[in-house]
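Okay, everyone, thanks for coming.

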Amino acid sequence: MESPLTQSVAADAEKPKKVLLAAPRGYCAGVDRAVETVEKALAKHGAPLYVRKQIVHNRHVVETFEEQGVIFVDEADEVPEGSNLVFSAHGIAPTVREQSKQLNLSTFDATCPLVTKVHGEVKRFARDGFQILLVGHEGHEEVEGTAGEAPDVVHLVDGVEGVEALPADLGDKLVWLSQTTLSVDETYEIVKLLREKFPHLQDPPSDDICYATQNRQVAVKEIAPQCDLMIVVGSQNSSNSKRLVEVALQAGAKDAHLVDFAREIDLAWLDGVSTVGVTSGASVPEILVRGVIDLLAEHGFNDVSEVTTATETVVFSLPRELRPARVKK
């Protein structure tokens, strides 16, 4: 007669192993535009091409460009005078743009248009005499660039602790804005606390959290309750990728991990697992997701079902300097 332990192991072995693949996932329109900006600038001007910060927060993308002669720097003053410089997708403060002009750099702005929209909101509200509460993560490049538009009136709110740290009196004209890659649920929870502290707080004219960030979180919420394990493909410095892990756990996934590459998956994670959810952050090329799917197939997870919660059709134009020349009729 089989022991209960043997019966349990046998039952696990008989469970069908399947993968739920979240859609949308991977590249958003802003990342697509940023990556193509570097490709076009490299094709047009050759190496070396300089990029301030990582063009997007993904190790594979950065390493691939480095192999092609792209040099990533932390600040514009590290770039030789007169060189070509790309600003990353996360945006820059006006001081960076001015510094680049003084160095006579030829610049290509790969800032995501949705980040540019938030920059515009900061400038407008600052001009109208508002104090601005910027919900975001301290040290993130997008936050630094956005706050740099009006540093005297922007107050960073990083988590619940950030709400508590704000002075009680910030005046009558007060508005909140946010980093574009945050968790939707966490942001609204912080805004709820802000409203309790500042009843006169105004909302932004439109949602600042980008459509792609929201869509990827909704897709994860759809599949997470069915998953024993969620694998999110993305880099540790990618805010939207890290949020997907948090969202998966909050939505009911029993376990969730962030990996850059399939080789980083610990096979022990698969013990006793019958359903694996897979998704990727907005800066992740699909080839990395395929690597994860292939590895899972090697371990019996051959049944792959794509679960689609939205269809994305947004496309952003390249910087003007890199668009194809119009043919005159």
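I'll go through the cavities one at a time. Keep in mind that this is a predicted model.

So, how many cavities of 30 Å³ or more does a search of the whole structure find? Two.

Let's start with the largest cavity. Its volume comes out at about 280 Å³, and 23 residues line it. If you want to find the centre on your screen, go to Cys28, Val31, His90, Thr181 and Asn240, which are the lining residues nearest to it.

Now, which helices are involved? At least two lining residues come from each of H2 (29-45), H5 (113-127), H9 (211-223) and H10 (239-250). H9 has the largest share of that lining, with three residues.

Okay, on to the second largest cavity. This one has a volume of about 40 Å³. Its lining takes in Val135, Gly136 and His137, then Val157, Asp158 and Gly159, and also Leu182, Glu186, Thr187 and Ile190. Which helix gives the most here? That's H8, residues 184-197, and it puts in three residues.

Sorted by class, the lining of the second largest cavity has four nonpolar, four polar and two charged residues.

Terms used: Residues numbered from 1 in each chain as written. Predicted model: local features only at pLDDT ≥ 70, side-chain atom pairs only at ≥ 80, totals over all residues. Heavy atoms only, no water. 1 Å grid on protein atoms, 1.4 Å probe; cavity = no way out; pocket = protein on both sides within 12 Å on 5 of 7 lines; lining within 4 Å. Points joined across faces, edges and corners; volume = space filled by probe spheres on them. Helix = DSSP H or I, 4+ residues; strand = E, 2+ residues; numbered from the N terminus. Nonpolar A, V, L, I, M, F, W, Y, C, P; charged D, E, K, R; others polar.
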